[in-house]
Amino acid sequence: MKILLTGSKGQVGSALERSLAQLGEVLAVDRAGLDLLDAGAIRRKIKELEPAIIVNAAAYTAVDRAEVERETAFAVNGTALRVLAEEARKLDALLIHFSTDYVFDGEKRMPYVEADAPAPLNVYGQSKLEGERAIAASGCRHFIFRTSWVYGPAGRNFLHAILAAAKTQAELRVVDDQRGAPTASVAIASAVAQVLASSDFSQKPSGVYHLSAAGETTWHGFATAILQAKGLKTPVVAIRSDEYPVAARRPKNSLLDNAKTLKTFDVALGHWRDGLATIMRAMH
Ligand SMILES: NC(=O)c1ccc[n+]([C@@H]2O[C@H](COP(=O)([O-])OP(=O)(O)OC[C@H]3O[C@@H](n4cnc5c(N)ncnc54)[C@H](OP(=O)(O)O)[C@@H]3O)[C@@H](O)[C@H]2O)c1
């Protein structure tokens, strides 16, 4: 089974490069190997390699910067997906893609199901929604896994930001009015490998599937758990979102209901606290 993996240097991409290796020949490309801003390069790469599966882990993920770099965000998260999906359809390849809780406005009280109407609050969310829609419209076989609050042992993420801040600040002030499930990159990658390892994955219906860790917390709760895991005593003060001004608005509720993924693929991620413990062990 030939698998083309894009975005191989990202949080999820680098974890996928390891988890997919057991399944077949993985052709992993980072931005230097395939720039998603270059439609011609995408078409050439797919024609040349003829993969059976394309796993796209590349994305424009700078949520606040996207507010001023709208065009680039839409080009990478939207237009490039239309091209990838068109090429996948020509080859009858399966396209696996990742999307985000930020396609929702966070006004729902319960966790979001796949059938809930998206209404993104920020440019990043809008660009990711455009990518989802381009894939669906292409008619290619696809699984779009929406996940949330991704972190891992490497890369720019909340975990590393909190550990770095705790080194220099007497106390941390962290938002406590956004709910979500922090999801470890490696957990996402092993779940995708588990899906592809099953004998009947190609019979599963194309569509959007929610894939986030179990349980819930706030950014404040997550920061507290990170410091505890490290044995750090830095106080964490709970603040409201409006006390921490950023360019992009975030949903108050980022929780995803993962029942459809469990029912379809028999795959579920563990509790976010267990994911954090695994990542902390891997960082030692
Ligand atoms: N991070 C989160 O909290 C989060 C939450 C929900 C969903 N997701 C989704 O999960 C997926 C994986 O996210 P992640 O956290 O692994 O992101 P990440 O660590 O930011 O990785 C994204 C990768 O894409 C690459 N990339 C950016 N622009 C590119 C381009 N024009 N051509 C080729 N590669 C390009 C980046 O390269 P450079 O480093 O060179 O820019 C980076 O290696 C994405 O679809 C994301 O939208 C993430």
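Predicted model: local features only at pLDDT ≥ 70, side-chain atom pairs only at ≥ 80, totals over all residues.
1. Helix α1 meets helix α6 through Q11, V12, A15, L16, R18 and S19 on the α1 side and S185, V186, I188, A189, S190, V192 and A193 on the α6 side; contact means heavy atoms within 4.5 Å. α1 covers residues 11-19, and its axis lies 8 Å from that of α6, at an angle of about 45°. That angle makes α1 oblique to α6. Angles under 35 degrees count as roughly parallel, over 145 as roughly antiparallel, 65 to 115 as roughly perpendicular and the rest as oblique.

2. Residues are numbered from 1 along each chain as its sequence is written, and side-chain values use heavy atoms, with hydrogens and water left out.

3. Six strands form an open sheet with parallel pairing, in the order β2-β1-β3-β4-β5-β10. From one strand to the next the twist averages 20°. Helices (H or I, at least four residues) and strands (E, at least two) are DSSP runs, numbered from the N terminus, and two strands pair if DSSP finds at least two bridges between them.

4. Strands β4 (residues 94-100) and β5 (residues 141-147) run parallel and are joined by seven bridges. F98 stands opposite F145 in β5. Helix α6 (residues 185-197) packs on the sheet, where it touches β3 (53-56), β4 and β5, and its direction makes about 150° with that of β4. Axes are lines fitted to C-alpha atoms, for helices over the stretch in contact, and angles run from 0 to 180 degrees between N-to-C directions.

5. Strand β1 (residues 2-6) has four of its five residues buried, so it is largely enclosed by the rest of the structure. Buried means under 20% relative accessible area, exposed over 50%, partly exposed in between (1.4 Å probe, protein chains only). Five bridges pair β1 with β2 in the parallel sense. T6 has V29 in β2 as its bridge partner.

6. Two loop residues can be taken together. P51 lies in the loop between α2 (39-49) and β3 and is buried, with a relative accessible area of 3%. Leaving aside neighbours within four places in sequence, P51 is in contact with K2, L4, I46, L91 and A93. The C-alpha atoms of P51 and V26 are separated by 9.2 Å, although the two are 25 residues apart along the chain. A93, in the loop between α3 and β4, is buried as well, at a relative accessible area of 1%. Not counting residues up to four places away in sequence, A93 touches P51, A52, I53, A88 and R141. A93 and A52 are 41 residues apart in sequence and 4.7 Å apart C-alpha to C-alpha.

7. The axes of α3 and helix α4 (residues 123-138) come within 8 Å and cross at roughly 15°. That makes α3 roughly parallel to α4. The contact involves, among others, F74, N77, L81 and A85 of α3 and Y124, S127, G131 and I135 of α4. α3 passes α4 in a right-handed crossing.

8. For α2 and α3, the axes come within 10 Å and cross at roughly 25°. α2 and α3 are therefore roughly parallel to each other. The contact is made by A39, I42, R43, I46 and K47 of α2 and A80, V83, L84, E86, E87, K90 and L91 of α3. α2 passes α3 in a right-handed crossing.

9. The largest nonpolar core has 59 residues, and those with the most contacts inside it are I42, L95, L159, L172 and L276. Helix α3 (residues 70-91) supplies the largest share of this core, nine residues. Apart from this core lies another of 28 residues, among them I3, L23, A193 and Y209. A nonpolar core is a set of buried Ala, Val, Leu, Ile, Met, Phe, Trp, Tyr and Cys residues joined through side-chain atoms within 4.5 Å. L172 touches I162, A165, A166, L227, T234, P235, V236 and V237, not counting residues up to four places away in sequence.

Technical notes. Left-handed = near helix turned anticlockwise from the far one by under 90°.
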